[in-house]
Amino acid sequence: MKSLESILRSLFISVFPFTGLLALVYGIVQFSKWGFSWGILGMVFISAAIVTLFAGLFIKPRARTDENLKLFSLGIAIGVLFGIVALLTQGMDLYLTSLYLVLFIGWILYLKWYSKFNDRTNETLKVGNQLVEFQLENSQKEKISSASYLGNPSIFLFYRGNWCPLCMAQIKEIADQYKELDKLGVNTVLISPQPHKQTKGLADKFKLGFHFLVDHKNKVAKQLGIFAANGIPAGFQVLGYDSDTVMPTVVITNKDGKIIFADLTDNYRVRPEPETFLKIIRESIQRPHLPNS
């Protein structure tokens, strides 16, 4: 059963950026009509920070941000300061004051609530454990067992879908390391619950020797404890995606299928550098008998 919180999170991430865009347009129109106002200037600063963040993720995708988005939060803080100046010197009407509150509270919710996952303690994916066997599907909807990758080190990267710019940037980073991964004999397995069509499109885009597989109906995500109910923004279903997805997760196993690294980030914007993967894999090859390798 899907929780009320997961539904609210899905709605929030669709509504909040759009609200920021509307506020920015409103502020620009007010400036053009009435000229300078501390209150309007502050709201423009706040809304511009919000719009720049979300538009920037799609225009120039990046695989990670700092946890508290310091630069954008600075813009928000400056906007709030201008709003305080307006209240003390010029006053603000109820509509503008409400916009300030909505945007500021929305920003706090985005940083401290939406961006973070709940406790991701996971005994199944603990370093040193044998990775449990699971079944995925290839582009022909044939069953592929995780056991088929034994014999070589493997990276299992669970990503939310092609709609997620951070996921796409993370995959591109790994693709840029393809030659080194291939030299080390690594199986790079990219897994998403999205429809086969989107996964095939992604595979065709990169044209590398990676394994692009589908976790149909999030069966593996549930098996491994990395399932995210209502994990995609509300409205993206019209693009063919299901409401549910997977929490961004990276698991690396050695040639025997033992987990030597697991990144279960508690913030969807904070993800490991690909150099970390290479370092872990090299160490497992050079020193295969370490206690946790």
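Predicted model: local features only at pLDDT ≥ 70, side-chain atom pairs only at ≥ 80, totals over all residues.
Residues are numbered from 1 along each chain as its sequence is written, and side-chain values use heavy atoms, with hydrogens and water left out.

We can start with the helix pairs around H2. Helices (H or I, at least four residues) and strands (E, at least two) are DSSP runs, numbered from the N terminus. H2 and helix H4 (residues 94-114) pack at about 30°, their axes 10 Å apart; axes are lines fitted to C-alpha atoms, for helices over the stretch in contact, and angles run from 0 to 180 degrees between N-to-C directions. H2 is therefore roughly parallel to H4, given that angles under 35 degrees count as roughly parallel, over 145 as roughly antiparallel, 65 to 115 as roughly perpendicular and the rest as oblique. In this contact (heavy atoms within 4.5 Å), H2 contributes residues including Trp38, Met43 and Phe54, and H4 residues including Leu96, Tyr100 and Trp107. The contact of H2 with H4 comprises 13 nonpolar, three polar and no charged residues, where Ala, Val, Leu, Ile, Met, Phe, Trp, Tyr, Cys and Pro count as nonpolar, Asp, Glu, Lys and Arg as charged, and the others, Gly among them, as polar.

H2 also packs with helix H3 (residues 70-89), at an angle of about 165° and with axes 7 Å apart. The two helices are therefore roughly antiparallel, and their crossing is left-handed. Among the residues in contact are Gly39, Gly42 and Phe45 of H2 and Gly75, Gly79 and Phe82 of H3. By class, the contact of H2 with H3 has 14 nonpolar, six polar and no charged residues.

Turning to H1 (residues 4-34), its axis lies 8 Å from that of H2 (residues 38-59), at an angle of about 140°. H1 is therefore oblique to H2, and passes H2 in a left-handed crossing. Residues of H1 including Ile13, Phe16 and Pro17 meet residues of H2 including Ile40, Val44 and Phe54. This contact has 17 nonpolar, four polar and no charged residues.

On a 1 Å grid over the protein atoms alone, a cavity is a set of points where a 1.4 Å probe fits but cannot get out, and a pocket is an open set with protein on both sides within 12 Å along at least five of seven lines; lining residues have an atom within 4 Å of a point. Grid points are joined across faces, edges and corners, and a volume is the space filled by probe spheres set on the points. The largest pocket has a volume of about 440 Å³. Its lining has 28 residues, with Arg9, Phe117, Phe227, Ala228 and Met247 nearest the centre. H1 gives the most to this lining, with five residues.

The second largest pocket holds about 260 Å³ of space. Of its 14 lining residues, Ile13, Phe54, Phe58, Pro233 and Phe236 are the closest to the centre. This lining has twelve nonpolar, one polar and one charged residues.

Note on methods
Left-handed = near helix turned anticlockwise from the far one by under 90°.
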